[in-house]
Amino acid sequence: MAGAAGALAEELPAWVTLLRAPNPGPMTLDGTNTWVLRAGPDAPAVVVDPGPADEGHLAAIAAQGRIGCVLITHGHADHTEGAPRLRELLDGVPVLAADPAHTAGGEPLSADTALDVGLDLRLLPTPGHTADSVCLVAAHGGERVVLTGDTILGRGTTVVAHPDGHLGDYLSSLELLSTYREIPALPGHGPALADCGVAADFYLAHRRARLDQVRAAVAAGATTAAEVVAVVYADVDRSLWWAAEWSVRAQLEHLGVEQP
């Protein structure tokens, strides 16, 4: 599943800037995407996912001008590790996440969070990849985007990070995101996608097909997550089987299959 989950976005709103961290890899694709949203030259920016603790990357974020707050889509280190240092560089601006462990200088993100930054920002709780995963809908000047974190990636598919991640929750989150039609998706990794709803449909179809494959593997005698991975993910590079096993454990749990 290395291709994009739909057409790539040809262009993004002028109030959106991408700064990509220099941490490419099998799980991070080209690197972590740090998104900077600014309603206008005099408005404070919103930084979404500061990424790793890379001094050059954090300096590039800090050089963007006045920043009002830093938002976190979920707590994985490739999205959050740089947050404490970035907060130092920005003289203590709030860092807000759904998980209090990644929140500093303010209250954790919730549906009631209101930010005075000149943008219409709305939080979408989208658990599944992790329990604390959120997406953000941002609107300004008649344009909208959905910042999807790792719930939807720009290329390939994501893992359900069992046991923190939960497949039932993930499927529900994708169904929610499928309602955001003809709105660009700004993912945590990979290129921006033209249509969040189309990408969510693609992910839902992929997950349901994988579930059918897991059912068949179990029916054929596979009894452990590792045995299921060897059958269902045989086309995936073996160096990534450990991550596939996270998803398989989530799939087996979803199907009610007892695991050793």
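Reply: Helices here are DSSP runs of H or I with at least four residues, strands are runs of E with at least two, and both are numbered from the N terminus. This is a predicted model, in which local features need pLDDT of at least 70 and side-chain atom pairs count only at pLDDT 80 or more, while totals for chains, interfaces and linings use all residues. Residues are numbered from 1 along each chain as its sequence is written, and side-chain values use heavy atoms, with hydrogens and water left out.

The part to look at is the packing of helix H5 (residues 196–219) on helix H6 (residues 225–232), whose axes come within 10 Å of each other and cross at roughly 115°. These axes are lines fitted to C-alpha atoms over the stretch in contact, with angles running from 0 to 180 degrees between N-to-C directions. The crossing of H5 past H6 is right-handed, that is, the near helix is turned clockwise from the far one by less than a right angle. On the H5 side the contact (heavy atoms within 4.5 Å) is made by Arg-210, Gln-213, Val-214, Ala-217 and Val-218, and Val-228, Val-231 and Val-232 supply the H6 side. By class, six of these contact residues are nonpolar, one is polar and one is charged; in this scheme Ala, Val, Leu, Ile, Met, Phe, Trp, Tyr, Cys and Pro count as nonpolar, Asp, Glu, Lys and Arg as charged, and the others, Gly among them, as polar.

Leu-171 belongs to helix H4 (residues 167–177). Leaving aside neighbours within four places in sequence, Leu-171 touches Leu-204, Arg-207, Leu-211 and His-254. Leu-171 counts as buried because its relative accessibility is 11%, where buried means under 20% relative accessible area, exposed over 50% and partly exposed in between (1.4 Å probe, protein chains only). Between Leu-171 and Gly-141 there are 30 residues in sequence and 31 Å in space, C-alpha to C-alpha. The loop between strand S8 (143–149) and H4 contains Pro-163, and the peptide bond joining His-162 and Pro-163 is cis, with omega about 5°.

Leu-29, in the loop between strand S1 (16–20) and strand S2 (33–37), has a positive phi near 55° without being a glycine, and at 18% relative accessibility Leu-29 counts as buried. Asp-91, in the loop between helix H3 (83–89) and strand S5 (95–96), also is not a glycine and has a positive phi of about 60°, but with a relative accessible area of 72% Asp-91 is exposed. Within H3 itself lies Pro-84, which is exposed at 55%; Pro-84 and Leu-109 are 25 residues apart in sequence and 17 Å apart in space, C-alpha to C-alpha.

As for the whole protein, its secondary structure comes to seven helices and nine strands, and 51% of its 260 residues are buried. Its radius of gyration over C-alpha atoms is 18 Å, which agrees with the value near 18 Å for a compact globule of 260 residues, the globule rule being 2.2 Å times the number of residues to the power 0.38. The C-alpha atoms fill a box of roughly 60 × 35 × 30 Å along the principal axes. Of the contacts between residues at least 6 apart in sequence, 60% join residues at least 24 apart.
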